[in-house]
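Subject: Structure handover

Hello,

Here is the model we discussed passing on. My notes follow below it.

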Amino acid sequence: MTNPIRVIPLDCATCQKPLVGLPNDTAFTCVPCESVLSVNAHSTVQIPLRIAEPSETTDAPIIYLPMYRFALQSSVLDTQGTDITAETPLPEHAWVCGFQEFRPAYFGNPGVDMTAAQCTPLALEAPPPQFRLLGIARSLEEAARYPQLFISLLLDRRRDITGQTIEVDTATPALWAIPFALHEAENTLVNLLTAHRYATRMVETLAEMR
Ligand SMILES: [Zn+2]
């Protein structure tokens, strides 16, 4: 596939190679340096890039979608302010889509699903042939707002958390390339780590990302 890829006037901070992305991207990968440059109006931040090893094989083409991973330091206080973290099983990390997901309430949200599954992929040591990762339209700054919401949702499914305080430390983020099998005849994407299925419409820029 030959899709136009915009070269932005930004170079990798480590190897000085030009970075590529789609017009709405806010973060740009440098595969040889295993890093992601996240850009906003005020600053640029470099975070690690990891490519997840699929946990199941597929005959379908694989497309990698960008997902932020945040390690969490969560604590839960009850209504009296007593720390009940020890008796509350809490997720250790949260996943947030790096692409802008389309109508997640309808099409599903891989970030919530991977957080609920506490997905812990293995990282490939070398990128697959022709690997590239485009379409990181959601900035690191924006993504960092989601873990708190996801944790609240997940806890709320299990118990009443009214009056409890949940603090989420979203330090040490990384960006992961997560493999999805693309079944074009069925317009379906299957997460090769969690086996969750999604409509391809979930990813608006899918054609440009391939
Ligand atoms: Zn580089």
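Start with Tyr 68. Leaving out residues up to four places away in sequence, Tyr 68 touches Trp 95, Val 96, Gly 98, Leu 140, Ala 143, Pro 173 and Leu 175. Contact means C-beta atoms, placed from the backbone, within 7 Å.

Two notes on conventions. This is a predicted model, so local features need pLDDT of at least 70 and side-chain atom pairs count only at pLDDT 80 or more, while totals for chains, interfaces and linings use all residues. Residues are numbered from 1 along each chain as its sequence is written.

Tyr 68 also belongs to the largest nonpolar core, which has 46 residues. Ala 27, Met 67, Tyr 68, Val 96 and Ile 178 have the most contacts inside that core. Strand E10 (residues 174-183) gives the most to it, with six residues. Such a core is a set of buried Ala, Val, Leu, Ile, Met, Phe, Trp, Tyr and Cys residues joined through C-beta atoms within 7 Å. Buried means 20 or more other C-beta atoms within 10 Å of a residue's own; exposed means 12 or fewer; partly exposed is in between.

Buried residues make up 33% of the 210 residues.

Now Pro 89. It sits in the loop between strand E7 (75-77) and strand E8 (93-97). Pro 89 is exposed, because 10 other C-beta atoms lie within 10 Å.

Overall, the protein has five helices and twelve strands. These are DSSP runs, numbered from the N terminus: helices are H or I, at least four residues, and strands are E, at least two. The C-alpha atoms fill a box of roughly 60 × 40 × 30 Å along the principal axes.

Best wishes

Notes: Contact = placed C-beta atoms within 7 Å.
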